Amino acid sequence: MLLVMLIGSCMGWAQSTRTSAEDSLVPVYDRMSPTRVILDATQVQRAMVDLPGWTLEDGHIKKTFECRGFGEAIAFIVAFSYACERIDHHPEIRNIYHRVAISITSYDAGAKISTHDIELAKQIDAIAVAFVK
């Protein structure tokens, strides 16, 4: 855990008040990117129509992808990581064997859905075609 905390502090993460080891680090941001626009509830619902399989839960949009195997799941994560870097937006990712669960929110906007969240979800969907069952 100490190593995770040291690495996390170098990556701009801070200790939270959560108790589970899995949820013990949360991102820290000084301000929201000027290119991100926070969406209201109506705009989010409208955008979700174009995101099949994605759900809205607790201020996050989420989707689980089933790849052909573990190697494909890791390759999928690596492939969409480049899209994340291009738009400077980084989701929460959980991988269990051939499943990749993705959760996206804009922490710098107070954990609300922004235009960046919707754009990233669309890019991930486009990339997923090459990796999912």
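## A colleague's note on the fold and its helix pair

1. Let me begin with helix α3: its buried residues are Ala 73, Phe 76, Ile 77, Phe 80, Ala 83, Cys 84 and Ile 87. An α-helix has 3.6 residues a turn, so residues three or four places apart point the same way. These buried residues of α3 pack against β4 (60–66), β5, β6 and α4 (115–128). Please keep in mind throughout that this is a predicted model.

2. Here is the overall layout. The chain contains 4 helices and 6 strands, and from the N terminus on these elements follow the order α-β-β-α-β-β-α-β-β-α. Of the 133 residues in the chain, 35% are buried. If you look at contacts between residues at least 6 apart in sequence, 62% of them join residues at least 24 apart.

3. Back to α3, for a check on its length. The helix covers residues 70–87, and its 18 residues should span 26 Å at 1.5 Å a residue. Just after the helix comes Asp 88, with a positive phi of about 55°.

4. With a relative accessible area of 17%, Ile 77 counts as buried because the cut-off is under 20%. Leaving aside residues up to four places away in sequence, Ile 77 touches Ile 93, Asn 95 and Val 100. Ile 77 and Val 100 are 23 residues apart in sequence, and their C-alpha atoms lie 7.8 Å apart in space.

5. Helix α4 passes the corresponding length check. Its 14 residues should span 20 Å at 1.5 Å a residue, and its end C-alpha atoms are 20 Å apart, which agrees. The buried residues here are His 116, Asp 117, Ile 118, Leu 120, Ala 121, Gln 123, Ile 124, Asp 125 and Ala 128. They pack against α2 (41–48), β4, α3 and β6.

6. How do α3 and α4 pack, at what angle and how far apart are their axes? The angle is about 150°, and the axes are 10 Å apart. Since angles over 145 degrees count as roughly antiparallel, α3 is therefore roughly antiparallel to α4. The crossing of the two helices is right-handed. On the α3 side, the contact is made by Phe 76, Ala 79, Phe 80, Ala 83, Cys 84, Arg 86 and Ile 87. On the α4 side, the contact residues are His 116, Glu 119, Leu 120, Gln 123, Ile 124, Ile 127 and Ala 128. Sorted by class, this contact has 10 nonpolar, 2 polar and 2 charged residues.

7. His 60 sits in strand β4 and is buried, with a relative accessible area of 13%. Not counting residues up to four places away in sequence, His 60 touches Thr 55, Glu 92, Ser 103, Ile 104, Thr 105, Tyr 107 and Ile 113. His 60 and Ile 102 are 42 residues apart along the chain, with 9.5 Å between their C-alpha atoms.

8. The other histidine, His 98, is in the loop between β5 (92–96) and β6 (99–104). Is His 98 buried or exposed? His 98 is buried, at a relative accessible area of 11%. Beyond residues up to four places away in sequence, His 98 touches Phe 65, Glu 66, Cys 67, Gly 69, Phe 70, Ala 73 and Lys 133. One of these, Ala 73, is also among the buried residues of α3.

9. Finally, a few backbone angles to look at. Most residues other than glycine have a negative phi. Asp 58 is not a glycine, yet has a positive phi of about 50°. Asp 58 lies in the loop between β3 (55–57) and β4 and, at 74% relative accessibility, counts as exposed. Ala 111 also takes a positive phi, about 60°, although it is not a glycine. Ala 111 is in the loop between β6 and α4 and is partly exposed, with a relative accessible area of 30%.

Key: Residues numbered from 1 in each chain as written. Predicted model: local features only at pLDDT ≥ 70, side-chain atom pairs only at ≥ 80, totals over all residues. Heavy atoms only, no water. Buried < 20%, exposed > 50% of the residue type's maximum accessible area, 1.4 Å probe, protein only. Contact = heavy atoms within 4.5 Å. Expected span 1.5 Å × (residues − 1). Axes fitted to C-alpha atoms, helices over the stretch in contact; angles between N-to-C directions. Parallel < 35°, antiparallel > 145°, perpendicular 65-115°, else oblique. Left-handed = near helix turned anticlockwise from the far one by under 90°. Nonpolar A, V, L, I, M, F, W, Y, C, P; charged D, E, K, R; others polar.
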